[in-house]
Amino acid sequence: MRLDFMHTRTALGFVSVVTASALVLGGCSTSEPPAETTGYSSSPAYATSSSSPSSAIAGAPGCISVELEKMSTRRKLAQMLMVGVKDTADARAIVAKEHIGGIFVGSWTDKSILTSGAAKSLSTGKVPVMVSVDQEGGRVSRLKSIGIDSPSPRELARTKSPAEVKRLAFNLGKRLRQLGITVDFAPVIDVSDQAADTVIGDRSFSDDPVAVTTYGRAFAAGLRDAGILPVLKHFPGHGHGSGDSHTGTVRTPPLSDLATNDLVPFRTLLKMPGVAAMVGHLIVPGLTGPDTPASISPKAIGMLRTGRGYNGPAFRGVIFSDDLSGMAAITEKYPIEQAAPMALAAGSDIALWLTTDKVSAVLDALEKRVADNKLSIDRVDASVTRILRAKKLRRC
């Protein structure tokens, strides 16, 4: 995500939502997250159901195969897009016009979209709109203006136990759900020893991959158990990159080095049920082409999906691109009308960018790719099925 929106130099201390002494969010200090469970359906937000279609209540999410069958090709492709919005009117207009699959609430977004209940109305229904935010804590606290904040990941790992972090994330997730948010682009599970105010810096829990794994698991589990889809980022690891992908090209150490360090948290945490992943704009020697960021690399996204190449799990969850319209690692080479189709053709399920003004042009480009057999409808259906599962639609 864009750090020109992120880099507000806030204090690392915890700003309480209710009282200065509370170490949880939203006055939920007595709430406890559910115990850790296993199996794909363990997350309350992303569980599947064996109920028949006739048992669905009015307004409840629908049935995956039925909804998929109803969708035109363009509507399916629209499910694979998530865009930043300015305000409620902007969000409602693009959802009505193109049936977009998700919206992103950024630092520039009028937060009344959340406080008015508008986002909540979009994130309910038979095919809900994903409502996403970057709420990592510390420097990246998009909702601080409406009273939601927490320490940076590095500060959490320094001062809290994993159980405390899980509880904090659970209470954070409850607040997000109340506002209609369903996706949080957190936790950052990059391994980094960078200075606190650098591109990853204190957004990373630690320079120790074991500590990152432990605290990343706790944060992701807390969000998930509160009904939020956590997004693990930035695959295959931004923490030892050569620079900032917001401002230019970033190269990482070779894949062989990442495999014993940066990829360790991904190797473990991608096994968790009910999580998604984000692919960064990172050129990786031994994996991507010499000028091809991972976010548009079939080899990199294929490695994430299959686990082959770094001894990871085969990942069944939703894969997001990092922002494709506001980060120079991509925009110096490709306009969004090219970048979004490239990310999806490479294997991501959802292309993410910051504004609504190019949605129709991107969909036109994607429809042409399908018509020209450069993007198979079977591949589209597989992605949309994963997306609908993450939106809590039932198997049928």
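Helices here are DSSP runs of H or I with at least four residues, strands are runs of E with at least two, and both are numbered from the N terminus. The model is predicted. With that numbering, His99 falls in the loop between helix 4 and strand 2. Its phi is near 55°, a positive value in a residue other than glycine. At a relative accessible area of 32%, His99 is partly exposed.

Strand 1 pairs with strand 2 (residues 102-105) in the parallel sense, over 3 bridges. Across that pairing, Gly84 has Phe104 of strand 2 as its bridge partner. Strand 1 also has strand 10 (residues 351-353) as a parallel partner, again through 3 bridges. There, Val83 stands opposite Trp353.

Now look at the side chains of strand 1 (residues 81-84). Leu81 and Val83 point one way, while Met82 and Gly84 point the other way. Buried or exposed, how do these residues count? All of them are buried.

What does Trp353 touch, leaving aside its neighbours within four places in sequence? Its contacts include Leu81, Met82, Val83 and Gly84. Asp323, Leu324 and Ser325 are also among them. So are Ile336 and Ala340, along with Lys358, Val359 and Val362.

Next come the covalent links. The structure holds 1 disulfide. It joins Cys63 to Cys396, with an S to S distance of 1.4 Å. The torsion about the S-S bond of Cys63 and Cys396 is about 130°, so the disulfide is right-handed. The two cysteines are 333 residues apart and link distant parts of the chain. Cys63 sits in the loop between helix 1 (3-6) and helix 2 (64-70). Cys396 belongs to the segment after helix 16 (377-390). Their surroundings can be read from accessibility. Cys63 is buried, because its relative accessible area is 4% and buried means under 20%. Cys396, at 49%, counts as partly exposed.

Take Arg74 and Glu367 as one example, whose closest N and O atoms are 2.7 Å apart. This pair links distant parts of the chain, 293 residues apart: Arg74 lies in helix 3 (residues 73-79) and Glu367 in helix 15 (residues 359-371). Glu367 has 30% relative accessibility, so it counts as partly exposed.

A second salt bridge brings together the side chains of Arg139 and Asp202, at 2.9 Å from N to O. Arg139 is in the loop between strand 4 (135-137) and strand 5 (140-141), and Asp202 is in the loop between strand 6 (183-184) and helix 9 (209-225), so the pair ties together parts that are 63 residues apart in sequence. Both Arg139 and Asp202 are buried.

Glu155 and Arg158 meet at 2.8 Å, N to O. Both belong to helix 7 (residues 153-159), 3 residues apart, which is about one turn of the helix. Arg158 counts as exposed, because its relative accessibility is 61%. Elsewhere, salt bridges that share partners join Asp134, Glu136, Arg142, Arg203 and Lys233 into one network.

Lys233 also takes part in a backbone feature. The peptide bond from Lys233 to His234 is cis, with omega near 5°. His234 is found in strand 7 (residues 229-235). Another cis peptide bond runs from Ala186 to Pro187, also with omega near 5°. Where is Pro187 found? Its place is the loop between strand 6 and helix 9.

One more backbone angle deserves a look. Asn373 has phi near 60°, a positive value in a residue other than glycine. Asn373 is placed in the loop between helix 15 and helix 16. With 71% relative accessibility, Asn373 counts as exposed.

Note on methods: Residues are numbered from 1 along each chain as its sequence is written. This is a predicted model: local features need pLDDT of at least 70, side-chain atom pairs count only at pLDDT 80 or more; totals for chains, interfaces and linings use all residues. Side-chain values use heavy atoms; hydrogens and water are left out. A salt bridge is a side-chain nitrogen of Lys or Arg within 4 Å of a carboxyl oxygen of Asp or Glu. Buried means under 20% relative accessible area, exposed over 50%, partly exposed in between (1.4 Å probe, protein chains only). A disulfide is a pair of cysteine sulfur atoms within 2.5 Å. Two strands pair if DSSP finds at least two bridges between them. Contact means heavy atoms within 4.5 Å.
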